[in-house]
Amino acid sequence: MASHRRPKQPSRTRVTVLTTAAAAAVAFSSQAANAAPSEKPSKDEVKAKVDKLYEEAEQATEKYNGAKEKQEKLQKEISTLQDNVARGQEELNELRDGLGSMASAQYRSGGIDPSLQLFLSADPDNYLDKASTLDQLSGQQVEALKKIQTKQRDLAQQRSEASEKLKDLSATRTELGKKKKQVQGKLSSAQKLLNTLTAQEKAALQQEEQRSNRASERQVLTGGKSTPASGRAGAAFAAAQGKIGTPYVYGATGPSSFDCSGLTSWAYAQAGVGIPRTSQAQANYGTRISSMSDLQVGDLVFFFSDLHHVGLYAGNGQVLHAPRTGTNVRYESMGTIGGPFMFGVRV
């Protein structure tokens with residue numbers, strides 16, 4: 001006969017664990033169902049984040065400009081050195097040919113002088129260091145040997161310099177690539193944020209910017225008196241005025257697009273004045289003006305503690321500059337740049 005056993009009852013511990021897990025699952029489901037969706041950033045919050053990214057992009061842009069300028073300078077120096085080496089090698093070959101002609105003439109006349117023969121088969125530096133042998137050579141031979149020695153040393157030095165500059169150029173190109181990626185990364189992040197705005201929000205931001213631009217232009221044209229631009233500063237300012245409305249593009253130096261230091265360096269070039277490419281270098285190119293009240297139209301004006309932004313003083317507290325990606329060359333109040341005015345420079 002089959003035995004009838006009572007079913008085994010679950011332990012108290014197991015019941016407690018299962019009950020607790022079930023309660024937690026119900027609570028989690030309830031919270032998930034009742035949780036409010038994450039709030040979308042407001043238009044002003046997006047603008048603040050985008051402006052910060054643009055500022056960081058401009059900082060990286062000026063470093064990119066510095067690396068690019070260094071690369072171009074190194075390329076020119078290397079090209080010059082390589083040309084010099086090529087010409088020097090030709091001159092060295094001619095000197096050796098001349099010395100060979102002397103040897104040939106001696107051979108035809110009865111044999112090569114032992115000292116000259118020794119030179120032709122050895123390093124002239126080591127040979128000429130043996131001063132006692134100079135007595136065995138004619139004055140013409142000594143002069144030829146010394147010229148060869150000097151030329152060889154010059155060529156060795158120039159080749160060494162070219163080699164070092166080529167290494168520097170390689171490192172600079174790597175740095176340039178990194179800076180370019182930094183700029184592009186910041187701009188990409190800013191664009192993604194802008195894409196979260198509705199068409200109406202984007203239009204509202206654009207209208208706000210347009211109102212600010214018109215106010216700045218009126219202030220320049222009708223505001224209080226400022227010392228007018230004159231001479232080369234006046235010519236540079238007039239050149240920049242002719243580019244109002246031209247788009248900002250990082251790394252650009254005109255004439256169809258500019259970044260901040262690209263505009264100022266281009267404008268002064270039109271006035272016949274060559275100034276450095278980057279804002280930090282431009283800050284040391286002229287007489288520093290500490291007080292805003294002492295600024296004259298056409299002076300360079302610098303912003304932010306690291307001096308990564310520069311424009312041309314337009315008078316009445318306004319600046320003519322290439323602000324950032326997504327904008328054009330324009331007038332703007334110096335109080336709305338986003339960073340403090342540091343000082344001006346009179347070129």
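Reader: How many residues are in the largest nonpolar core, and which have the most contacts inside it?

Author: The largest nonpolar core has 45 residues. Those with the most contacts inside it are Phe 237, Tyr 268, Leu 300, Phe 302, Leu 312 and Leu 320. A nonpolar core here is a set of buried Ala, Val, Leu, Ile, Met, Phe, Trp, Tyr and Cys residues joined through side-chain atoms within 4.5 Å. Buried means under 20% relative accessible area, exposed over 50%, and partly exposed in between, with a 1.4 Å probe and protein chains only.

Reader: Which element gives the most to this core?

Author: H2 does, with eight residues. Elements that each supply at least two include helix H2 (43-108), helix H5 (139-194), strand S2 (300-303) and strand S3 (309-315). Helices (H or I, at least four residues) and strands (E, at least two) are DSSP runs, numbered from the N terminus.

Reader: Is this predicted or experimental? And what are the ground rules?

Author: The model is predicted: local features need pLDDT of at least 70, side-chain atom pairs count only at pLDDT 80 or more, and totals for chains, interfaces and linings use all residues. Residues are numbered from 1 along each chain as its sequence is written, and side-chain values use heavy atoms, with hydrogens and water left out.

Reader: Back to Phe 302. What does Phe 302 touch?

Author: Leaving out residues up to four places away in sequence, its partners include Ser 279, Gln 282, Leu 307, His 309, Pro 340 and Phe 343. Contact means heavy atoms within 4.5 Å.

Reader: Leu 307 is on that list. Where is Leu 307 found?

Author: In the loop between S2 and S3. Leu 307 has a positive phi of about 60° although it is not a glycine. Its relative accessible area is 15%, so Leu 307 is buried.

Reader: What about Asn 316: buried or exposed?

Author: Buried, because its relative accessibility is 16%. Asn 316 also has a positive phi, about 55°, without being a glycine. Its place is the loop between S3 and strand S4 (318-321).

Reader: Switching to helices. At what angle do H7 and H8 pack?

Author: Helix H7 (residues 231-241) and helix H8 (residues 260-270) pack at about 125°, with axes 7 Å apart. That makes H7 oblique to H8. Angles under 35 degrees count as roughly parallel, over 145 as roughly antiparallel, 65 to 115 as roughly perpendicular and the rest as oblique. Axes are lines fitted to C-alpha atoms, for helices over the stretch in contact, and angles run from 0 to 180 degrees between N-to-C directions.

Reader: Who makes the contact?

Author: Among them are Arg 232, Ala 236 and Ala 240 of H7, with Leu 263, Trp 266 and Gln 270 of H8.

Reader: Why is H8 called largely enclosed?

Author: Nine of its 11 residues are buried, so H8 is largely enclosed by the rest of the structure. Cys 260, Leu 263 and Trp 266 are among the buried ones. Gly 272 follows H8, with a positive phi near 85°.

Reader: Which residues does a cis peptide bond join?

Author: Gly 254 and Pro 255, with omega about 0°. Pro 255 lies in the loop between H7 and H8.

Reader: Last one. What does Lys 151 contact?

Author: Gly 88, Glu 91, Leu 92 and Leu 95, leaving aside neighbours within four places in sequence. Lys 151 sits in helix H5 and counts as buried at 18% relative accessibility.
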